Structures are given as C-alpha cells and as structure tokens.
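Reader: I'm new to this one and would like to learn how to read it. Could you walk me through it, feature by feature?

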Amino acid sequence: MERQLYEALRGTLSAEDGVRTRSELALRQLEQDTQFPLAAATVAMADEAGLAVRQAAAVQLRGYVGRHWTLASAHYEPGPIPDQQIKAQVRERAFALLVCSDSKLRSVAAAVVAGMAVHDWPDEWPQLFGQLAELLRGDGEHAPAALCVFNEWVGTGMSEQQIDHVSALIPELRRIFGDASGKHAAKTRAMAVSIFVECIDIFAAMAQAKRDAVDAYVRPVLEEWVEPILAILRQPTAARGERSILLKTECAKALVRAITGLPRHLGPYCPAILETLWMQLRDLQEPYLHAFVYQDSEHNEAATSMLVSCEEDGDVQSIDGYLCTVFEWIARAAQCKPLRRHFVAKAAGQDAPAPTPFLNQLAASLMSFAQITGEMLEDWADDMDLFVADEDEEGYRFSVRVSVQELLGSLELAFPQPLAVALVWAAQVQSDLARRLRDEGSTNWWLVSEAVLWAAGAASECVAEHAQGGSSSDGSTSTASGLGALLDSDVWPLARCAAFPYGQGRAFVFASSFADTLPPDVAAAFVGASADAVANTQLHPAVRLSAVRAIGNFCRRLSADLVRPRQGQIISGLATVIPQLSEDSAHIALEALHVAVRVGQDTAASLEPVISDVAMGVWRRYPGDVLLTGIVIDIVEAMASNGRAREAFSRRALPIIGEAITQPGDDMVVSSGIDLLSGLLKGVPSPMPPGYLEAVFPPLMQALTAASDWEVLQSGQACLKYIVQKDAERVAQWRDGQGKSGLELIFRFVAALLLPDASESRALFVGDLVTKIVQKCSALVTGDTLAELVRIVTARLATARTASFSASLLPFYAQLVVRHPAEVVDLLAGMSLDGRSGLHVMLSAWFTHFLDVQGYYARKVSATALTRLFALNDPRVGSFMAQGDLIPNAANAGKIVTRSMSRTNPDQYTAIPATAKIVKLLLAEMDMDVESQFARSGGAGLSAVLDHVDMGDEDGWEDDGDGDSLDEQDPECGYGRLSDFISEGGIMDSGGGEDGDEDEDDEDVQADPIYNQDLNEALGAFLKQLVGSDHSDFRASIEPLLTERERKTLGKICV
C-alpha cells in the first residue's frame, strides 16, 4: 500500500489539474483501508520519498487522525477505524518524526501526535507524557517539537483531571522560558509561555470548586513566573531575540489570562505589572507613531525595523498584537477594586473622585495610539466600505484603534466621572501638540486632532453627562469649558480643511456626538453644514459618509425645532446617497433616514414618494440582509404611523409586499416581506383603516398555508399577532370563500404548528399569538372554541422539549388564569393527556420554566396569575407535587461533576406541594425585581446589589474577573452608574430589551392595570397577608420548606 500511497501523494503535487484530481480521488479511496495510517506514517519517515511527499503524507495522516482515528473524534467521518496493533505502530512512527531534521515535518508530526494524545493518553499511550518530557529536557533542537505537541494538546485534551501532569509540565516550561543562554530560540521560549497560558486556564477552571487546591498549586507557580515575565517586558522592544515582539506578546497574554482567571492570586503583583506595562506604552508611543502613523517621518525605517519582524518561516510579527494585549490587561485591571487607587483618588475639597496623574497620562497616550495609521488610510482609499466598517462601534476589523476604544469603554464603565475629566485634560495636551505641528507646517497635525476628537467621542456619554450635570466642585465646569475649547482648537480647523477629508469628517461626527451640549446657534450651523455635505456630490466620500453619520446623531440628540428647517434637504440628500452605497455601507444612511423621517410629519409626508422609493428600493435589492431589512421596517412603521403620509405610502408599499409574500419558491423573500408587513401594521392605528385587512390578510394566510420554511412561519405568527392586536373584531367578521372566519383560519394555522411531531422552532412565536387572542378576543372566543384552543396548546406543552418553547406558551395560561382562574382549573383538570391531567401538565411546565418567561409585562402577569392560583385554595392545585430544593449529594461533594459522574450519581430534589412552590417562585421573582428596582432608584439599591452579589475575598479580589466590575461602582465614591447599566437592559430592564419596546407600543399592555402596578408592592402585600392570616396553614406546611435565604427575604418583606 505504501507504493500506491506514494504515487497518489506525488500526483497531488503535480502542476496538471487532471493528475491532481485523479490522485486526490485515489487518496480518498485509500483512506478507507485500515492500513492507511500506517502506510502514511511509513512514507512520512522514508527519506527516499523526498521531503515534499513526506510532508504531504504527514498532512494526510493528520487529517486521517481527525476523521477516522476514533468514534470520539470531533470531526469523525464514517469509515473503518484501525485496530490497536496498527495504532501502536502509527504512534511509534509519528513520535519518531518529532526528532526529524525538517521543521515543517516536525510541526505536522506534532499535530498528529497531539491529535492522537487527546484520545489515546493515558490508557493506550501511557508513556507519552514521559517521552515528551524527555524531549523537553534534551537538547534544544528537539524541544520545539515537544512544545508543539503540548501546545496542541494542553488546550484541547487536558483539564483539571490531569492537574498533576500539568503541574509537572510547568517547571519544564519555566526552564525553557527562562533560558537566556541561546540554547532555545525566542520563538521556542514564546511557545513555552503560550502553553503556560493554557495551564493558567486549567487552574482558573478549578478556582471556584477547588479553592484550597488551586492556592497550593498557583501561588508557587506565580512566584516562579511573574518576575521573569516582567523582566522580559521591561526590556526595550526589538524585532528579534530576547526582546522579541513574539516573546513579549506571549508574556503579556499570560498576564491577561492570570488577571482574568486568577485575579486573587495575581493581586500582589498587579501594581508592579501595571507600572511595567505603563512604561512599555510610554516607550513604544513614539516608535509606533513613526512606524505606522507618520509616513513622512525620518525615523520611519528605523522604527519599523524595531516594531515589525519577519521570522524565518515567513511569519510576520507586529507590535500591534502586543499593544492590544497590554490594553486588555489594563482594561481588566480597571475592574479590580484593589487597583482603583491607581486610577482615581479623592481630591482635596471635592466630593467626587478625581483622576490620578496616571489616568490623565494614560488618556493622552491612548489618544496617540488611536491615530489613524497609514495602512488604514490605504485600505480606506481602496474600499470605502472598510472605512464605514472601521467607524462602526461593532466593526469586524480589529486594530490598535479598536483596542483603545475597548479600553476606553472599560474605563468609562468603571470610572465615568474621572475618565471625563482625564479625557479633557488629555485633549488639551494633544491639541497643543497639534497646534504646534500646524504652526511648524507639518501635515501630521490633523492626525493628532482627529484622534483627540475620536477618543472624546468614544466616551461621549460620560463626557457630555459630566459637562452638563455636574457642579464646579467635581470638575464639570472645566469639562464643559474643555469641550468648548476643542471647538476652537480642533473642530473648526478640521471642519474647514478639505485637504484632509477624514479629519473633516471627524469634525462633523464629533459635533454630532456632543450635539446636546452645543449652543443652539452652533448646533444649527453644524446641522446645516452636515445637510449641505450630504447633498454635495463634489465632496470626498469620507466627508459625505461622516456627514450622514452626523445627521443621524443630530436628529436623535437635538430638539426637532433645530433640525426641522433642514429636514427636507436632509431627506433629499440621503435619498441621493443611499442608492450609491453598497450593501455593507447602506445601513448608516438608512438609519439616518429613519430618524430624519420622524423629525416632522408634514415634511415627511410631502416627501413620501422619495422616502418610499428609497426604502422599498433598498429592500428589493437586499431582502435577505437582516440589518437593512430591520431599518427599512422601522422606516415603514414610521411612515405608517404618520397620518398625513399613511394612505399614499400604503398604496406604494402594499403591492410590493403582497407580491413578495406570494412569490413562490423564495422563502427568504417571503419571510422578509411578511416582516415588512408587520412593520406596516405596527404603524397603523387600531382599528385598521378601511380596506387594510382585506388587502393584507388573504395573501398572508395564503402564504402561511403553503409555507414549510420555519422563518416564514415565525414571521407569519408575529404578523398575525399584530393583525389581531389592531383589529380582532374585523378578523372575526371576515370570511373566506368557504365561509370560514379569519379567527378560524388562525386557529387552524395554530393547530398545524402545534402538532405533536412539529418542530418547536417553527412555532416559537405561537405563544405570543394565542396570548394576544386571549387579550383581544375574550368576548369572541368562548365556550367550546376556547376549550379547543386550550386543549391544542396544552397537548403540545405536554411534549415540549426546550425551555424556551415551553416558556413561550406560559403567558397564554397566565392571561387565562388572571381572568378566570376557577374556570381554567376546571377545564384543565378535566383534560386527560397520556395519563396526566391538563392541570398537571400546565403546573409542571409553569413551575419549571417560571423564571424563563421573557418580557417585563409577561413576567408580571405570570407572577400575578400564580397569586390568583394560590388564592383559589383548590385541592386539585394543592395536591400537585413539584420539584423542591437540591438534596446534597455526598458522592459528588467537593468535586467537579462530569457528565459521567452525573449519570452515575444524579442530582436528587425534594418534592413539595404546589402551594410551597408558588411561594418559592414569588420570593425568587420578588428578590430579583426588588434588586433591580433598588438599583434604578440610586445608591441604597446599589448597596443592596453589592450585598447580594458574592464578591469573593475580603480584600476585593475575585476569581471571576467579571464579578469585580460591580464592586467598582462604590456609592461612597460617587459611581452611580450601575443603575444606568440596568436601565439599558443590563439586569432586568422594565421591558427586557426588545420585549420592553413591544410592551411600550402595545396599547393593550399599556391599558392593563397589571402592567402599571408595582409588582414588588403587589407581591409584598400578598405575602404579608399570607403570613399574617396563616393562609393554607402557612407556618406549618409551607414555611418549613423554605430555604434560609427565602426565609430572610420573607422576613424583610413582612417587617
């Protein structure tokens, strides 16, 4: 077989397409033979085969191991699996390749060995670890191959279960890393650090469950590693050798992983690390600018040779990755309470915290590193879509500038006020530099000014808030005056300089980011200038696109009175720009058009033909683009809600939509068209204008009846919900050709989606639809019709497999119980489904998925419905036994539970009556909502949140880096920002993100007293009454089943 394989491999290297194709087919056939891996390993070892064929054989073996070595392979493909005798021979040959003379062959062999090790060690290959360790301890030539194996193996095949082996490996890695004799190349030492990074991750995964064990392992390890790492980082950067970029980057990555996964252990070293990294930034700032930003610098060549290296294997290493890693470590450090003193301090005579000199200088340094590089300018010149992508907050291209933006975001979250002050201080320093460069005749001044405005704009929220809402004692006066100074020093010079279009565009964007802080006359002037720029086809595309982005900000941030005089010009200008933009860039102009349309209804109505043509034109070109379609839907809704434009807009839009949703064979267009119809329906009043239902309902039902695509069906469910919401009575009155009413057709559609064997993903929004039917059609759907609907939903709930699907159906029952609790219990109790009553099906799902229900209003209705259910005191409800609390499992105590362990010793729970379960769920709901309510109201609530969250050690370090971010919001230091985070959807926004937006737009929800009640007060009153009256024998039968935490929560409520 070796000869056949050799010929096939040689053929794959041929320059002739036909020969290569035949050889590849032959390889696939040979791969089905169990002797294939042995033959491949043999050819890879044969010197006479030639290096190219040997490398190709090793590559084929690597692929074979991934596909056919074992059934457990992640990429397993059907085929014969070699027996243990063959595997043993393959392992022997593959390991021998690790010490061959060719580096590429060694690298592939390392991947082969690592792939086998994941599955074969330690059972079938127990000696492997020792063999690799011997290679590490041997001569320097063989260590890289062993490191390559560990590099592939540790991250994918080792875990806390192999902690002893990991601990034995770390000293060998430390020895190689610390070797300065030249025995090991910088690349080899960097690989040792890279493997150490993977070891840190293993320790971090154990940190919570095995705290003492991790302490014993980690403390001596960090003692051995941190100082040598810092010694490497303190050295001046060089392209190669001891100070190489690659080695320093891996060292910085190790520190990032340590502060992320093991911050408590790294804590004592953090001040020294911060100082070292800060000195690195200061030392690298000037070389970075000369190498990457100032292309005309006389130091460009020397700086580039220092910060960019090309390895022997062709791998290019740049300082970019190192800088981004340094920024990431500082961002993590900003979240750690013990390091706060390095960033902020209490200034004498001031109540609010002030930035330290370090934070001021860091802000100035970040402005330098944020300057536009020559490479970025070249990319943008070739492709303006890249300019748009890089300017987006969530662009897909990572760079030093993006890394700076992320660091500023972390600093803003941790220290909003001090960061605002620091940015203004830094802006003044950098603006002075730009002015000096401008006076000296250097063209680089605009790069400095642009970066100043960019950095301030990246943190515009905290800077503007501090300038507007503070007092003279906290530095806000200087912040406001600093912003004003920027207009003179940077904004106006850039705005007037057409020679630097990217700087000119930045001036527009900056002004729009701080629009609500500008004097009205200045704001109006910028609105006019932006409108003129959008319409001026002679301007550079970067200026026009920046003006488009600015228009969107102005329309959002300024009063309508300031924008309305230019609204017509803005809409007309955007209408000329949008058709010229590609699919990747059109979103910024469409978003601007959407907010511009809302500025004034009269102007929007007068330009309805223009708006319709542009919006519908974009959708016709890109119906499958989710982002663009979403913005078009927003525009459609805005025009439909405009009473002056609605009729004309509908005449244009409805035929296009109708044609799309009845278009056979293109499910993507049908689904997108139905979404567009939903946007139109959301905008029209209730009841719908005459003729609307007749125009939209028949084609929609025709499309849904014929549909099998899950996206079409999901879109249809959402659209039907809006139709029922807007005009339920007319839906009930409408008849098709067979005399079926609109509601009957909807019920038939629901029943088909809820068939027992139907996919849950197809019916994900059926719950919203049937819930809306209960809300709107209580007088239209009664008796047998309602009973049949309940039976259909309950039968599907009984077979539901996913939490999300089950939770989506629960609001239907909550609405029914709130309205008619006794009748619903009677109906469900009399329903039999595979040996269970419908009542048991509902209660089981409700109790299991109560906390999975999405949406603020739905959660409130669900909790209220449980109180009504409890108040019935119905023995059929009370007799239901629900899952209680987890019973401690001695067999798994103190261990990290694997899947096999959980199968052997599964978790056990107590069984408790439904009444006790309801109380537990209400306490859990109230506990969550009380905390978010407190947080919305200010400092006291913040303290409550901090008391509730386990912040780890008394010294403020926490093994979960994310946990410390809450601790930074110290009320005593004035960081009242967590409430803002919560109000934006961070914990439990009163609307739950998208659900909240729909709640606010839903008149039925707004009119429901449950939506407007304070759920905390309502549940508190219910529980107080329950305890006070000893309802349902509370003290004897329910209270003993509560946990200690639940009793404490109840005690606080009843005080």
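Author: Let's start with contacts, meaning heavy atoms within 4.5 Å. Among contacts in the protein chain between residues at least 6 apart in sequence, 72% join residues at least 24 apart. Keep in mind that this is a predicted model, where local features need pLDDT of at least 70, side-chain atom pairs count only at pLDDT 80 or more, and totals for chains, interfaces and linings use all residues. Residues are numbered from 1 along each chain as its sequence is written, and side-chain values use heavy atoms, with hydrogens and water left out.

Reader: How many helices and strands does the protein chain have?

Author: Helices (H or I, at least four residues) and strands (E, at least two) are DSSP runs, numbered from the N terminus. Here the protein chain has 56 helices and eight strands.

Reader: What share of the residues count as buried?

Author: Buried means under 20% relative accessible area, exposed over 50%, and partly exposed in between, using a 1.4 Å probe and protein chains only. Of the 1055 residues in the protein chain, 55% are buried by that rule.

Reader: Which residues touch the most other members of the largest nonpolar core?

Author: A nonpolar core is a set of buried Ala, Val, Leu, Ile, Met, Phe, Trp, Tyr and Cys residues joined through side-chain atoms within 4.5 Å. The largest one here has 359 residues, and Trp153 and Trp329 touch the most other members.

Reader: How many salt bridges does the structure hold?

Author: A salt bridge is a side-chain nitrogen of Lys or Arg within 4 Å of a carboxyl oxygen of Asp or Glu. The structure holds 41 of them. Take Arg91 and Asp120, whose side chains meet at 2.7 Å, N to O. That pair links distant parts of the chain, with Arg91 in helix H5 (residues 84–96) and Asp120 in helix H6 (residues 103–120), 29 residues apart. Both Arg91 and Asp120 are buried.

Reader: Where do Glu450 and Arg506 lie?

Author: Their side chains form another salt bridge, at 2.9 Å, N to O. Glu450 lies in helix H22 (residues 445–458) and Arg506 in helix H25 (residues 501–513), so the pair ties together parts that are 56 residues apart in sequence. Glu450 is buried at 1% relative accessibility, and Arg506 is buried at 8%. As for H25 itself, 13 of its 13 residues are buried.

Reader: Are Glu227 and Arg234 buried or partly exposed?

Author: Their side chains meet in a salt bridge too, at 4.0 Å, N to O. Glu227 is partly exposed, with a relative accessible area of 39%, and Arg234 is also partly exposed, at 44%. Salt bridges can also form a network, as with Glu134, Arg137, Glu172 and Arg175.

Reader: What does the side chain of Ser862 make a polar contact with?

Author: A polar contact is a pair of N or O atoms within 3.5 Å; within protein, one must be able to donate a hydrogen and the other to accept it, and residues adjacent in sequence count only if both atoms are side-chain atoms. The side chain of Ser862 makes one with the side chain of Trp846, at 2.9 Å. Ser862 sits in helix H44 (residues 856–872) and is buried, with a relative accessible area of 2%. The C-alpha atoms of Ser862 and Ala814 are separated by 5.2 Å, although the two are 48 residues apart along the chain. For a second case, look at His587 in helix H30 (residues 586–597). The side chain of His587 makes a polar contact with that of Asp392, at 3.0 Å, and His587 is buried at 8% relative accessibility.

Reader: And the backbone: which peptide bonds are cis?

Author: Most residues other than glycine have a negative phi, and most peptide bonds are trans. Here a cis peptide bond joins Trp121 and Pro122, with omega about 5°. The bond from Ser686 to Pro687 is cis as well, with omega near -5°. Asp834 has a positive phi near 50° and is not a glycine; Asp834 lies in the loop between strand S5 (832–833) and strand S6 (836–837) and is exposed, at 80% relative accessibility.
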